[in-house]
Amino acid sequence: MSKTKEDGKKGTGDSPPDKSISVSVLFGCADSTDVMLMVLGTVGAVGDGASLPTLLLFVSHLFNSLGHISPELMHKVDEIALDLTYLAIAVLFAAFMEGYCWSKTSERQVLKMRYKYLEAVLRQEVAFFDSQEATTAEVVDSISKDTALIQEVLSEKVPLFLFHTSQFFSGLIYATYFAWRLSLAAFPALILLALPGIAYGKYLLHLSHKSFAEYSKANTIAEQALSSIKTVYSSTAERNIVERYASILYHTTKLGTRKGLAKGFAVGSSGLTFAIWALVAWYGSLLIMHHGAQGGQIYAAGLSIVTAGQSLGVAFPEVKHLAEASIAAAHIFDRINRVVAHKLSTVRNADVIAVMSAGRVIEMGSHDDLIDKPNGHYANLANLQNQLSNEEQDQHHNESRFSSAARSSGSRMSNASPSVFGTPLLGDSEPDAISYPPPSFTRLLALNAPEWTQGLIGGFSAMASGFITPIYAITIGGMISDFFMTDHGEMRHAIRSKCLTFASLSVIAMIMSPLQHYNFAYMGEYLTKRPENGTELEKMSGGIELKGVDFAYPGRPDNLILCQLRLEVKPGASIGLVGNSGCGKSTVISLIQRFYDADKGTVKVDGVDIRSLNIGWYRRQMALVGQEPVLYSGSIRDNIMFGKLDASETEVVEAAKAANAHDFIS
């Protein structure tokens, strides 16, 4: 692992280190076996990447033979076919080593990473779990999503990067061998092609840092809401939660569209390869006419140059994945390398302190003796612990804004109130699994209806980009044929038309790709908008009627909780539901609040089926006092106003008095 000194000491886990992160952090759990697997996988990836330029060596001979018919044609073709067979066998072994070795080492390293991460989390003090950095969402994300990202990068993205890098350099070498003049003339264009990719990688690394921090904050909001979803629904606080969530993600929405635009420019810059083909067609024809070059060599050199350029364009966008995985790995190792849980103050009064490392005692003595030992292991641990404690104290003011709800989400062993979270959504009976309807592309389009303009532009741009490849293939075939023309005037005229076609494709690609990626990224970022519908009553008196109600939780459709239930509550009357645990008391309340819809029968309020009412308006007419109070991040005032953000000061005070809380919170 390679990080700056400041990063190694920080250890807060809230966000990725601010300083530059080396890609080598991805291999922090590699042992000697993994090193061997990575070496073999790298050899395979390099060999696989060099296979196409090597193929062109034989293709150039084949085209030259076909372009100049001779009695030895079939003999030459047989030799080339045999050489291609040998090349295919070599590529088979190289590709196998590339795929197997990187997949195997990724599984091994990520398994060790997950184990060490969980071990590091579990060995921390209880106070660590009271801090905001140890929320359930953060721990689960790191041990599942982050490690999955790292495994994907090690098993797929790294070998792909090596493959395309090898293809780039081998392409340049073979192009120089085939036609050094043409290679020299086209090389500046390749440098031009590399610049957008380099800028794209650096820009994405910058955006990844920002996105990581914003999403960590947003995850805390979502976690609190989902952990006490009944309270959220009862207080009709969905919009409040969404607005708080959206306010944090406001910048990430812009970051997402900027990512899409940056990707569009990076991919669109590959349109320069068509301009390179125009150069190859024009200058290659001159080499054939005036320097005795052969058509097969010019084509092979041109394809080697273009392949090198395309590989460079593909390799640099992979930097995005390497950057994201490096941030995730640095975040995980930052937690793994955190100071051991136990405070050194708990052992400072011992008669003898034995300091262990790697299963053996490396220092022994009293606290005073060991703390004064220069560069001693015990002294270093004490210094590192003091630095960490100072940083945590500096962050205490910022962390104080989070409530005990957020803190206790990291660990049920916390000393915070055991009643922070409400009961789970399912109430009396918890379902095993919920089956959802199959995904619908039509429904997805309907949800994106407000962004129809972006969809239209993005779709048109995508279709225009799709036409480029077949036109490119037809033009290439015509160019090869033109190279073997004997009349130089005809060759000049034919090549001119091919150059114009390549130039046009270059311009189209560089325009359509940014339009396509930006507009689809915009649609993706704004996909979360949902409309509300339903009727609203002018006045609600509060009469409730449940008639012939059958209900089973979605995950257990054969287990009826309510069967032909009939219940009527007059307006203004009070009623108590009593019974054994699991008899359906909480389920009745859930149906009245419309957390669920009845399988049979109806639930009516003031004679109106609640399924026809606007659900947000309907829940705002109700008040719920749950069995266990729920506290959200923010002040007590924020929690009181949770269900009514426009409440006046008088209403806040009256609500606190009604809950018998005014005296001890004021």
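Buried means under 20% relative accessible area and exposed means over 50%, with partly exposed in between. I work with that cut-off below, on a predicted model.

**Entry 1: cysteines**

I looked for disulfides and found zero in the structure. Cys583 has a relative accessible area of 38%, so I noted Cys583 as partly exposed. Cys499 comes out at 16%, and I put Cys499 down as buried because the value is under 20%.

**Entry 2: salt bridges, count**

How many salt bridges are there? I counted nine salt bridges.

**Entry 3: Arg108 and Asp31**

I looked up Arg108 and found a salt bridge to Asp31, with 2.9 Å between the closest N and O atoms. The two residues come from distant parts of the chain, 77 residues apart. Arg108 sits in helix 4, which covers residues 73-122, while Asp31 is in the loop between helix 1 (5-10) and helix 2 (32-49).

**Entry 4: Lys112 and Asp34**

I found Lys112 in a salt bridge with Asp34, the closest N and O atoms being 2.8 Å apart. Lys112 belongs to helix 4 and Asp34 to helix 2, so this pair ties together parts that are 78 residues apart in sequence. I read 24% relative accessibility for Lys112, which counts as partly exposed. For Asp34 I read 0%, so I noted Asp34 as buried.

**Entry 5: Lys498 and Asp482**

I then went to Lys498, which forms a salt bridge with Asp482 at 3.0 Å between the closest N and O atoms. Which elements does the pair connect? Lys498 lies in helix 19 (residues 488-525) and Asp482 in helix 18 (residues 468-483), so parts 16 residues apart in sequence are tied together. I logged Lys498 as buried, with a relative accessible area of 15%. Asp482 is buried too, at 5%.

**Entry 6: network**

Finally I checked for shared partners among the salt bridges. Which residues do they join into one network? I wrote down Asp31, Asp34, Arg108 and Lys112, joined through salt bridges that share partners.

Terms used
Residues are numbered from 1 along each chain as its sequence is written. This is a predicted model: local features need pLDDT of at least 70, side-chain atom pairs count only at pLDDT 80 or more; totals for chains, interfaces and linings use all residues. Side-chain values use heavy atoms; hydrogens and water are left out. A disulfide is a pair of cysteine sulfur atoms within 2.5 Å. Buried means under 20% relative accessible area, exposed over 50%, partly exposed in between (1.4 Å probe, protein chains only). A salt bridge is a side-chain nitrogen of Lys or Arg within 4 Å of a carboxyl oxygen of Asp or Glu. Helices (H or I, at least four residues) and strands (E, at least two) are DSSP runs, numbered from the N terminus.
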